Amino acid sequence: MKLPDGQKPFDIVEVRFKNGRKDFYHNHRELALVPGETIALDTNPGFDVGTVSMVGELVRLQLKKKAILSNTEYPKILRKTSQKDLDQWKQAYDKEHETMVKAREIASEQKLEMKISDVEYQADGSKAVFYYTAENRVDFRQLIRDYASAFHIRVEMRQIGFRQEAARVGGIGSCGRELCCTSWLSDFRSVSTSAARYQQLALNPQKLAGQCGKLKCCLNYELDTYLEAVKGFPDTSKKLHTEKGLATFMKMDIFKGFLWYAYKEDMINWIKLKADDVNEILAKNKKGEKIADLSSYALQEELKENKTVSTEIVAVEQDDINRFDAKKSNPKRRNNRNKNKARTPNSQSPRNKNAK
């Protein structure tokens with residue numbers, strides 16, 4: 001969309017770095033930038049390289065969403081990247097894996113309770129950020145000195161959570177696809193066990209936990225739909241009072257609108273009810289009224305029509321399919337063979353003797 005006459009484009013640009021990390025930079029030179037373009041950024045000292053992810057008025061809305069003040073001082077964009085900048089960026093990127101392996105060895109020698117998850121070099125190779133995870137606070141002052149002397153760079157230690165670690169390392173989820181936090185998910189919302197309860201999922205940590213060891217982010221995807229669908233359902237903590245006895249809630253089918261109840265004396269037999277019927281029974285109980293039995297509201301399973309005919313058809317089809325598997329032998333032919341064997345005691349026939 002074109003801006004109104006006389007209005008300048010918004011001069012703040014969102015830039016994406018390795019593994020989805022994003023930051024905002026000031027386009028003070030008013031360069032014509034488009035998403036996906038690589039640019040050189042001022043890091044003072046040195047420079048870094050990033051990819052433009054968002055420009056224009058969308059960045060203004062993003063800053064408003066993140067509650068970032070308009071008078072904030074942003075680092076500056078130097079220029080569009082040249083081939084020399086890209087080559088230097090590539091050389092720095094190639095050293096990251098080797099540096100991470102060596103950094104883990106140094107941390108292990110010092111017996112620090114931490115894990116180096118990833119290393120990110122600055123494009124000019126003068127600085128590296130070491131991302132780590134730890135359960136407790138870690139004193140890594142000596143570790144920084146060892147890293148600086150081993151790699152001859154400026155060192156920055158940055159602690160991340162286990163979800164951020166899974167996003168940086170990457171992997172394949174239980175669904176068979178790439179992890180959401182690695183491929184497209186940019187923000188991490190808190191996931192609680194109530195999300196699994198609303199969706200009637202078994203609280204099994206092995207199935208509900210992701211590779212980060214926390215609850216899966218995808219538990220929140222359909223939560224709003226379940227919350228909307230469950231609004232018309234009765235309170236499952238309340239019991240149904242009947243003349244036969246108390247009936248306790250067992251399970252529900254949210255999308256079909258069914259609930260199952262069972263009497264306290266007969267917990268094996270579950271009674272299938274509609275959500276509207278349960279609401280009606282609870283309304284009567286609230287007034288002090290009791291129904292005779294839940295059987296008058298129970299839903300019977302629909303029987304298939306022409307059940308006997310269908311079973312006969314299945315039996316015939318099975319007979320037609322299998323009748324060619326084994327061929328039946330003719331008893332008359334078997335008797336003739338036995339008679340021929342009795343007449344010729346030798347195993348060779350007369351015709352074979354003449355042939356010899």
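Predicted model: local features only at pLDDT ≥ 70, side-chain atom pairs only at ≥ 80, totals over all residues.
Is glutamate 57 buried, exposed or partly exposed, and what is its relative accessible area? Glutamate 57 is partly exposed, at 29%, where buried means under 20% relative accessible area, exposed over 50%, and partly exposed in between (1.4 Å probe, protein chains only).

Residues are numbered from 1 along each chain as its sequence is written, and side-chain values use heavy atoms, leaving out hydrogens and water.

Glutamate 57 forms a salt bridge with arginine 60, at 2.8 Å from N to O; the term requires a side-chain nitrogen of Lys or Arg within 4 Å of a carboxyl oxygen of Asp or Glu. Both residues lie in helix H1 (residues 57-65), three residues apart, about one turn of the helix. Helices (H or I, at least four residues) and strands (E, at least two) are DSSP runs, numbered from the N terminus.

A search of the whole structure finds 15 salt bridges. In one of them, lysine 18 pairs with glutamate 96, with the closest N and O atoms 2.6 Å apart. Lysine 18 lies in the loop between strands S1 (12-16) and S2 (22-26) and glutamate 96 in helix H3, so the pair ties together parts 78 residues apart in sequence.

Let us turn to helix H3 itself. Glu96, Thr99, Met100, Ala103, Ile106 and Ala107 are buried there. On the other side of H3, His97, Glu98, Ser108 and Glu109 are exposed.
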